[in-house]
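Welcome! Try each task before you read its solution.

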Amino acid sequence: MAVTEGGAAIGYEQARDELVDVVRRLEAGGATLEEALALWERGEELAKVCRHWLEGARARLDAALAQERDGSDQRE
């Protein structure tokens with residue numbers, strides 16, 4: 001599980017959903033500069049968590065494909 005800067009463990013779906021909410025709130029406007037900056041920083045943190053999960057998933061897929069490829073090479 002990825003960990004945010006605040007130290008809390010957060011899963012991909014939770015980070016993605018919160019990021020969508022942050023973007024929606026920023027796009028809606030009406031926030032003060034401080035609020036908008038805080039939302040932006042939170043969004044960056046959430047995007048980093050999502051990227052971490054996606055990179056981990058890619059590595060697992062690559063490893064599984066390599067293992068499958070190696071197994072089929074040995075059978076030939």
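**Exercise 1.** Which residue forms a salt bridge with R42, the closest N and O atoms being 3.4 Å apart?

*Solution.* Keep in mind that this is a predicted model. A salt bridge needs a Lys or Arg side-chain nitrogen within 4 Å of an Asp or Glu carboxyl oxygen. The partner of R42 at 3.4 Å is E45. Next, look at the spacing: the two residues sit 3 apart in helix 2, so about one helical turn separates R42 from E45.

**Exercise 2.** Find the residue of helix 1 that R42 also bridges to, and describe the network that results.

*Solution.* Start with the distance: R42 and E18 form a salt bridge whose closest N and O atoms are 2.7 Å apart. Then place the partners: E18 belongs to helix 1 (residues 12-28) and R42 to helix 2, so this pair ties together parts 24 residues apart in sequence. Now return to the bridge between R42 and E45. Through shared partners, E18, R42 and E45 join into one network.

**Exercise 3.** Is E45 buried or exposed?

*Solution.* The cut-off for buried is under 20% relative accessible area. E45 has 15%, so E45 is buried. R42, at 24%, is partly exposed, and E18 is partly exposed too, at 27%.

Note on methods:
Residues numbered from 1 in each chain as written. Predicted model: local features only at pLDDT ≥ 70, side-chain atom pairs only at ≥ 80, totals over all residues. Heavy atoms only, no water. Helix = DSSP H or I, 4+ residues; strand = E, 2+ residues; numbered from the N terminus. Buried < 20%, exposed > 50% of the residue type's maximum accessible area, 1.4 Å probe, protein only.
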